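Subject: Structure handover

Hello,

Here is the structure I promised to pass on. Please open it first, then read my notes below with the model beside you.

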Amino acid sequence: MENMPYIQTEIPDNENVLNNKLNAKVEYVEDVTTALNEHDDRRVYELINSKKYNELIRGVEHADDNRSLASLVTDLQPDLSHHLADKLIQYLAEAFPFFYYQESALGVFEVYFGNWWDRAYFGRLDPINVQFKFKQEEYQKLVESVRLAAKGQRYHSAAIDELTKTNEELQQLVEKQGERNTQRQNLENQLAQLDEKGGFFNRPSTEERDNLKTQLSALDEEDEQAETVPDQIEKNNATILAYSKEDTILIYEQRAINEKFGSFDQFEAAAKSLYVDYVKQLAAVAEGGQADA
C-alpha cells in the first residue's frame, strides 16, 4: 500500500510572511511605548487611529487604517485615556474654560458646566477620540434656551407662568370660602323648605331636590380642594423656584459661551473640530512652532 502524506498543500511555506507580521506587531507596540514614554501625544493619536489622523490632519483622502495593529492596545484604553487626558485638559482649560472635569474611574472623565452652585452635569470627555460626549438632555435644553433667549424668553417661562396662574386660582378657591358657606346655607334652607311642603299629596319634585343636592356636592368638592390648597401652592412654589434656578444656570451657561466664542454656533463648531484643532496644536508644538489660537 502506497504511503500517503498526512497533509497536502499547494501553498508555499509562509514563514517569512508570518515573521513580518509578527515583527510589525512588535514594532507597533514598541512605537506606542516610545510615544508614551516621550509624552508624544501627537504620535500616540497617529498610532491608535492612523486613518482618522491621516484624513483629518494630513488631508489624505481614503487613507488606509491600522485597525488590526491598533487592536493590540484596545484593552489598554482606560490607561491610554488617563494618560492622554493630562495635556488635553490643559488645552481645554483655555479652549473651553467653562468646563470642569472629574475622573470618576480610570480614564473616565465626567464633564461639568461651570464652577457655580448647582452646575450641570454635561456629559463625558473622550480623550482617546478627543471628543465631548454631551448629555443629550442637558445639551438640548441649552440649545432650546438659546433659541428662546433670542425671543426674550427663558427656558421655563411658560411653565412658570402656568404654575403662577394655577396658584392664583387656588388662592381664589380659599378666598371664596365665605361665599361657599353662604351658598351652602341657602341651598340647605331650600331643601328644608321642600321638606316642610312635603306630604303625600304635596310631595316636592325629585328633580328639584336632586338639583339642590348636586349643588351641595359641588360645594363639598370645592371645600375638599381648598383644604389641600396650602400644600399644592407650596409644591408649586418649590417647582417655580427650581425652574427659576435652572433658568439662571442656563443664563450663566449662555453668557460663558458668548464670552468665549461670541455665539452658540461658534461654540458648536469648536466642539465639532476639537480633534483637528487639538492634534494640530500638538503637531505645531512638536515642530517648535506656535500653537494655533
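Start with one definition: buried means under 20% relative accessible area, exposed means over 50%, and partly exposed is in between (1.4 Å probe, protein chains only). Accessible areas come from the Shrake-Rupley method with a 1.4 Å probe, and for residues only the protein chains shown count as cover. By that rule E46 is buried, at 12% relative accessibility.

Two notes on the source. This is a predicted model, where local features need pLDDT of at least 70, side-chain atom pairs count only at pLDDT 80 or more, and totals for chains, interfaces and linings use all residues. Residues are numbered from 1 along each chain as its sequence is written, and side-chain values use heavy atoms, with hydrogens and water left out.

Salt bridges

A salt bridge is a side-chain nitrogen of Lys or Arg within 4 Å of a carboxyl oxygen of Asp or Glu. The count comes to 11 salt bridges. One of them joins D31 to R43, with the closest N and O atoms 3.7 Å apart. This pair links distant parts of the chain: D31 is in helix α1 (residues 15–37) and R43 is in helix α2 (residues 41–48), 12 residues apart. The helix names follow a rule too: helices (H or I, at least four residues) and strands (E, at least two) are DSSP runs, numbered from the N terminus.

How open are these two side chains? D31 is partly exposed at 26% relative accessibility. R43 is partly exposed as well, with a relative accessible area of 25%.

R43 also forms a salt bridge with E46, at 3.1 Å from N to O. Both residues lie in helix α2, three residues apart, about one turn of the helix. Now step back. Which residues are linked in a network of salt bridges? They are D31, R42, R43, E46 and R58.

Look next at K133 and D126. Their side chains meet in a salt bridge of 3.4 Å, N to O. K133 is partly exposed, at 47% relative accessibility. D126 is buried, at 12%.

A negative patch

D161, E162, E168 and E169 form a negative surface patch. Patches are made of residues with over 30% relative accessible area and no salt bridge; like charges are joined within 9 Å, and nonpolar side chains (Val, Leu, Ile, Met, Phe, Trp, Tyr) within 5 Å. Asp and Glu count as negative, Lys and Arg as positive, while His and the chain ends are not counted. The place of a charge is taken as NZ of Lys, CZ of Arg, CG of Asp or CD of Glu. E162 is found in helix α7 (residues 157–175). E162 is partly exposed, with a relative accessible area of 48%.

Which residues of helix α10 (residues 264–272) are buried? They are F264, F267, A270 and A271. Seen down the axis of α10, these buried residues fall within an arc of 120°, so they line one face of the helix. The arc is that of the directions from the helix axis to the C-beta atoms. D265 and K272 are exposed on the other side of α10.

Contacts across the sequence

F98 lies in the loop between α5 (77–95) and β1 (99–105). F98 is buried, with a relative accessible area of 5%. The C-alpha atoms of F98 and A256 are separated by 6.5 Å, with the two residues 158 apart along the chain.

K141 lies in helix α6 (residues 136–149). Is K141 buried or exposed? K141 is buried, with a relative accessible area of 10%. K141 and L250 are 109 residues apart along the chain, and their C-alpha atoms are separated by 8.4 Å.

Two loop residues

H62 has a phi near 50°, a positive value in a residue other than glycine. H62 lies in the loop between α3 (50–56) and α4 (67–70). H62 is exposed, with a relative accessible area of 70%.

D118 has a phi near 55°, again positive in a residue other than glycine. Find D118 in the loop between β2 (108–113) and β3 (120–126). D118 is exposed, at 54% relative accessible area.

Best wishes
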